[in-house]
Amino acid sequence: MTTLRDWLIDDSPASPMQARLGRFYRIFGALMHNPLAVVGAIIILVLVLTALFAPWIATHDPLRQALGERLLPPSAAHWMGTDELGRDIWSRVVYGARITLAIVTLVAVLAAPAGLVIGVAAGYFGGWVDRILMGITDIFLSLPKLILALAFVAALGPGIENAIIAIAITSWPGYARVARAETLTFKNSEFISAVRLLGASSLRVNLGHVLPLCTSSMIVRVTLDMAGIILTAAGLGFIGLGAQPPLPEWGAMISRGRSFILDQWWVATMPGFAIILVSLGFCFLGDGLRDVLDPKSGEQR
Amino acid sequence: MANNNTTTAPAQTRRAGAQSPGRRRLFSLLGFLVTLGVTFIGLLAITFFIGRIVPIDPVLAVVGDRAPVAVYERVREEMGLDRPLAAQFVSYVGDVVTGNFGTAVSTGKPVIEDLARVFPATLEMATLGIILGVLIGVPLGVIAASRRGSWLDQGIRVVGLLGYSVPAFWLGLVGLAVFYAKLKWVGGPGRVDIFYDGVVTPITGLILVDSIIAGDWEIFRNAVWHLILPASCLGFFSLAYIARMTRSFMLDQLSQEYVTTARVKGVPERLVIWRHAFRPIRVPLITVIGLSYAGLLEGSVMIETIFSWPGIGNYLTVALLNADMAAVLGSTLVIGAVFIGINKISDVLYRMLDPRAR
């Protein structure tokens, strides 16, 4: 065990592989010293496992209606009670983890690379390219995200795919800003000049050398944004523009439970706890990751 | 916003350094107006674009799907949809500038009239919300910073993060169930009880102000009774953000050498914190409060839906569900414009108040 550890924290790694693993080990070690980050990581891990093994974790079919068992309070048979169609809320929350995970993953996959490319291009080329790209970015940044997402979904039509597209459209500008700032700090460094002197094209310089250096701050930013993405998606679902019934999306479930909030409180509150838990998990992890990967940015958010 | 400041301010002072202060101020004012104008054009371009991608054919919506081709073409021409996009955009900008936002399908009235009617309700709620957020959030942030690492600090940090993790609509629902239905501490949905509805003539549209003008204290009390819960829910989100930012600003100050000097001189800790460390952060806090206020206007969409609050958020949600695009885009424009406006004003205030940015 000690030898493996020594190999990992070796100050002069023999191969890029060893250096990379050593870096991961150090980040991991630093994260482990931050109790909130550990809690966050555990929550996200539980979310992923729940989404993967939903059929085994759920006690009932999330879509099966049992009108004889409508609006039952939480009990041994139904851990979170049942909704107005007799569906088991626990099972629906468990399957809802899949939808939430799919939404945040897809938004991240769509928005982060888009923002990264735009930001790196603006930072690297400078001049007019920078001015135009950042002008557009700033316009998007100065507009309210939720309202913009709502308007886009209204235009595209309700549905989970359109909700994802709308959230992605409103999320990329933040990433573009981060990527541009990072690019500007590396742009004039010696190793970039060296690569250019070796005759690398600007595409190669950016893809091979600038982009990878932006990843750590991008990961921090994406993780911190996850909570906002989850809340926006749930909000769209709540209004009725996101995931459509009978999909067990948490926001839509709260919306259904709204009419029963006074007498059957569990219908609306249980999915809310799931949203809060997962969003908090991402916040905790993001905070911890930022302290480790990007200590200079401090608390600015 | 804060980023913008730090990147643009030095460049401007360098360029204008040799000129007289009056000209410098004129230039920075011009620069400000240009960015403001570009941002507004950008907002218009986005709403115009959204209006274009609607899959519903606006011509079919007018003539119906059984109209002959000739009628279809004529209506299309009348609506100006055959012209090039740029020309359409110019006339769209003209329409918006002259206050023509189209007619809302759901109310049958011009969108601009509807918006003027509903906006004060939102403004009232958001204003009370931000007041609560500042009054509670700033002291919390200061306390957290002065006891860094303590359990109190951790607790405030979690409250701050909850502000990013709790869905506004869920908080409103639970608040309604607990404080209205169970404890009966506050009024229910709506701005006043139903039998007080429409008693006070709207002058400003702010029911608190209107009832004072009318001298009707019963309605004033009732309105406060109804306002307090939605405003608190909304205020929670600004509280979380403000507390978080205050804490980080304070930590910055407390690590400065002048604070150490004050402590060495034997200044009591309470004075070190409030008189020495807190004073310099008031200026950046203004920007934070401005941002958060603008954010509350946005956050009110969800809260208003829950509390049947007759504000712009509720109007927007109803329009969204009816696919009433004129009303949707009108609301988006107004919320966006107010959002941009507040952001820019807090930017300007920051520059005026901070001697380094002046």
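How much of the chain is helix over residues 265-286 of chain A, and how far apart are the end C-alpha atoms? In this predicted model, that stretch is 100% helix and 0% strand, and its end C-alpha atoms are 32 Å apart. UniProt, in an unreviewed entry, lists residues 265-286 as one of the transmembrane regions of chain A.

The fold of chain A is helical. Chain A has twelve helices and zero strands. Its C-alpha trace spans about 75 × 55 × 30 Å along the principal axes. Of its 301 residues, 54% count as buried. The unreviewed UniProt entry also lists a domain, "ABC transmembrane type-1", at residues 97-286 of chain A. That span is 84% helix and 0% strand. Its end C-alpha atoms lie 19 Å apart.

Another transmembrane region in the UniProt record covers residues 146-171 of chain A. This span is 88% helix and 0% strand, with its end C-alpha atoms 10 Å apart. Helix H7 of chain A covers residues 145-156. H7(A) is mostly covered, with ten of its twelve residues buried. Among them are A:Leu146, A:Ile147, A:Phe152 and A:Val153. Just after H7(A), A:Gly157 takes a positive phi of about 105°.

A nonpolar patch lies on the surface. It is formed by A:Leu45, A:Leu49, A:Leu52, A:Phe53, A:Trp56 and A:Ile57, with about 640 Å² of accessible area together. Two elements each give two or more residues to the patch: helix H3 (35-52) and helix H4 (54-57) of chain A. H3(A) gives the most, with three residues. A:Trp56 lies in helix H4 of chain A. A:Trp56 counts as exposed because its relative accessibility is 69%, and the cut-off for exposed is over 50%.

Salt bridges occur within chains and between them. The structure holds 13 salt bridges over all chains. In one of them, A:Arg290 pairs with A:Asp287, with the closest N and O atoms 2.9 Å apart. Both residues lie in helix H12 (residues 265-293) of chain A, three residues apart, which is about one turn of the helix. A:Asp287 also meets B:Arg244 in a salt bridge, at 3.2 Å from N to O. This pair crosses between chains, from helix H10 (residues 217-254) of chain B to helix H12 of chain A. B:Arg244 counts as buried because its relative accessibility is 6%. A:Asp287 is buried too, with a relative accessible area of 2%. A network of salt bridges links A:Asp287, A:Arg290, B:Arg157 and B:Arg244.

A further salt bridge lies in chain B. B:Asp114 pairs with B:Arg117, their closest N and O atoms being 2.9 Å apart. Both lie in helix H6 (residues 111-146) of chain B, three residues apart. B:Asp114 is buried at 0% relative accessibility, whereas B:Arg117 is partly exposed at 48%.

The cysteines were also examined. A disulfide is a covalent bond between the sulfur atoms of two cysteines. A search of the whole structure finds zero disulfides over all chains. For A:Cys283, the nearest cysteine sulfur is that of B:Cys233, 19 Å away. That distance is too far for a bond, because a disulfide needs sulfur atoms within 2.5 Å. A:Cys283 is buried, with a relative accessible area of 0%. B:Cys233 is buried as well, at 6%.

Definitions and conventions: Residues numbered from 1 in each chain as written. Chains lettered and ligands numbered in written order. Predicted model: local features only at pLDDT ≥ 70, side-chain atom pairs only at ≥ 80, totals over all residues. Heavy atoms only, no water. Helix = DSSP H or I, 4+ residues; strand = E, 2+ residues; numbered from the N terminus. Expected span 1.5 Å × (residues − 1). Buried < 20%, exposed > 50% of the residue type's maximum accessible area, 1.4 Å probe, protein only. Patch = residues over 30% accessible without salt bridge, like charges linked within 9 Å, V, L, I, M, F, W, Y side chains within 5 Å. Areas by Shrake-Rupley, 256 points an atom, 1.4 Å probe, with all protein chains shown as cover. Salt bridge = Lys/Arg side-chain N within 4 Å of Asp/Glu carboxyl O. UniProt positions renumbered as here; feature names shortened; annotations may be inferred.
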